[in-house]
Amino acid sequence: MGSPKLNAETDAVLAVDVQRGFMPGEEPGYGELPAPGGDRVAAPLAALAGHVRIFAASGDSHPADHSSFTAQGGIWPVHCVAGTPGARLHPLIERTLTPGWFFAKGTTREADAYSAFAVTDLAERLRQAGIRRLLVGGLVTNVCVLATAMDALAAGFEVVVLTDACAAVQAEGVPSETEALAQLREAGATLASSRELLDG
Ligand code: VGL
Ligand code: ZN
């Protein structure tokens with residue numbers, strides 16, 4: 001297992017779906033499918049930005065009749081529809097993102113894509129950039145962070161899951177946050193807080 005010490009050359013941050021729709025709040029777009037504490041994950045992610053070369057982000061960008069929505073027989077309320085406020089990244093992530101490193105997913109009606117690797121060239125891009133380890137956080141721990149971090153491990157990257165930069169939802173048919181983190185640890189991810197990394 002790699003030490004949690006930061007390496008500016010070979011580490012990248014991957015902010016998974018830090019979008020208004022997954023955060024509690026009253027303003028436009030917030031509260032569609034809110035993870036309690038979801039508005040608190042942006043700051044610890046952004047705090048790592050000065051220590052890595054690449055700050056990548058993914059986001060749900062669903063059509064209005066996406067198959068994962070309850071009206072279509074799916075399990076989720078309408079969330080993160082492309083072009084609506086709910087799909088926008090948290091402003092801090094928007095400002096911190098490395099230009100060209102945003103990856104949209106869930107863009108077609110039929111296919112859900114919980115993992116940021118599923119329908120993108122993210123793995124290729126990271127390899128070409130010489131990235132070996134991903135510092136992963138975002139929303140939500142037990143769905144898209146889980147799927148993304150699992151795929152990152154399967155693709156051969158080292159993975160640190162940032163425990164203070166994740167938030168979960170409770171829903172039927174998805175693992176609890178505790179189960180999700182246990183799965184990730186068993187698959188080879190390191191669990192650490194952004195503080196631990198920064199204090200290195
Ligand atoms: C997510 C539920 C539905 C996520 C996306 O980003 O974790 N969760 N779509
Ligand atoms: Zn979604």
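The zinc ion (ligand 2) is coordinated by Asp-60 (OD), His-62 (NE2) and His-79 (NE2) at 2.0 to 2.1 Å, donors being N, O and S atoms within 2.8 Å of the metal (3.2 Å for Na, K and Ca). Along the chain, the spacing of these donors is D-x1-H-x16-H. The arrangement is irregular because the four donor atoms subtend angles of 85 to 169°.

This is a predicted model, in which local features need pLDDT of at least 70 and side-chain atom pairs count only at pLDDT 80 or more. Residues are numbered from 1 along each chain as its sequence is written, and side-chain values use heavy atoms, without hydrogens and water.

Ligand 1 is surrounded by Asp-17, Phe-22, Leu-33, Asp-60, Trp-76, His-79, Leu-139, Val-140, Val-143 and Cys-144, each with a heavy atom within 4 Å. By class, this shell has seven nonpolar, one polar and two charged residues.

| Residue and part | Atom of ligand 1 | Distance |
|---|---|---|
| Asp-17, side chain | oxygen | 2.5 Å |
| His-79, side chain | nitrogen | 3.1 Å |
| Leu-139, backbone | oxygen | 3.2 Å |

The protein covers 100% of the 260 Å² of accessible area that ligand 1 has on its own (Shrake-Rupley method, 1.4 Å probe).

Note on methods
Chains lettered and ligands numbered in written order. Polar contact = N/O pair within 3.5 Å; in protein donor to acceptor, adjacent residues only side chain to side chain. Nonpolar A, V, L, I, M, F, W, Y, C, P; charged D, E, K, R; others polar. Tetrahedral: all angles 85-135°; square planar, octahedral: opposite > 155°, others 65-115°.
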